[in-house]
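I opened the notebook today to keep a record of what I looked up, one residue at a time. The entries follow the order in which I checked things.

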Amino acid sequence: MADETVRIDRWLWAARMFKTRSIAADAVRGGKVQVNGTRAKPSKEVRSGDEVRVTQGQISRTLIVRAVSERRGPASEAVHLYEETRESIEQR
């Protein structure tokens with residue numbers, strides 16, 4: 001499972017950071033998403049252990065990818081896809 005990857009736009013959608021995949025892709029193209037400190041493109045592959053920084057309006061979150069999924073499930077499953085860093089939580 002550690003070798004599994006998924007596109008960042010699909011992962012953000014599956015993790016319920018954005019309501020639709022197209023909104024997630026637009027955010028990535030607009031520079032609102034960084035993967036491991038680098039601006040990403042929607043086709044960027046992420047895997048478990050990667051750091052994703054997402055900016056939505058005034059809120060910025062730093063997430064560690066814990067699992068990948070190409071399908072969007074219930075919110076109770078989505079929270080298992082990432083872990084928000086302590087610094088990120090404190091900044092909000």
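Which residues does S88 touch, not counting residues up to four places away in sequence? I looked this up in what is a predicted model, and I found that S88 touches S60, R61 and T62 once those neighbours are set aside.

**Entry on S88.** I placed S88 in helix α4, and I then checked its accessibility. S88 counts as buried because its relative accessibility is 2%, and the cut-off for buried is under 20%. I also noted that the side chain of S88 makes a polar contact of 2.7 Å with the side chain of E84.

**Entry on R92.** Next I turned to R92, which I found in the segment after α4, a helix that covers residues 86–91. Leaving aside neighbours within four places in sequence, I listed I59, S60, R61 and E84 as the contacts of R92. For one of these, I59, I wrote down both separations: R92 and I59 are 33 residues apart in sequence, while their C-alpha atoms are 6.9 Å apart in space.

**Entry on W11.** I then searched for aromatic pairs and found 1 in the structure. The pair is formed by W11 and Y82 and is edge-to-face, with 6.4 Å from centre to centre and 80° between the planes. It links distant parts of the chain, since W11 belongs to helix α1 (residues 8–14) and Y82 to strand β7 (residues 82–84), 71 residues apart. I recorded both W11 and Y82 as buried. Beyond neighbours within four places in sequence, W11 is in contact with several residues, including V6, V46, V52, L63 and Y82.

**Entry on the core.** I looked up the largest nonpolar core, which has 23 residues, and those with the most contacts inside it are I8, W11, L12 and V52. At least two residues of this core come from each of α1, α2 (21–29), β2 (33–35), β5 (51–56) and β6 (59–65). The largest share, 4 residues, is supplied by α1.

**Entry on D9.** Staying with helix α1, I checked D9, which has its place there. Is D9 buried or exposed? D9 counts as buried because its relative accessibility is 3%. I found a polar contact of 3.1 Å between the side chains of D9 and R7, and, leaving aside neighbours within four places in sequence, D9 is in contact with R21, A24, A25 and P42.

Conventions:
Residues numbered from 1 in each chain as written. Predicted model: local features only at pLDDT ≥ 70, side-chain atom pairs only at ≥ 80, totals over all residues. Heavy atoms only, no water. Phe/Tyr/Trp six-rings, centres within 6.5 Å; stacked < 30°, edge-to-face > 60°. Buried < 20%, exposed > 50% of the residue type's maximum accessible area, 1.4 Å probe, protein only. Polar contact = N/O pair within 3.5 Å; in protein donor to acceptor, adjacent residues only side chain to side chain. Contact = heavy atoms within 4.5 Å. Core = buried A, V, L, I, M, F, W, Y, C linked by side-chain atoms within 4.5 Å.
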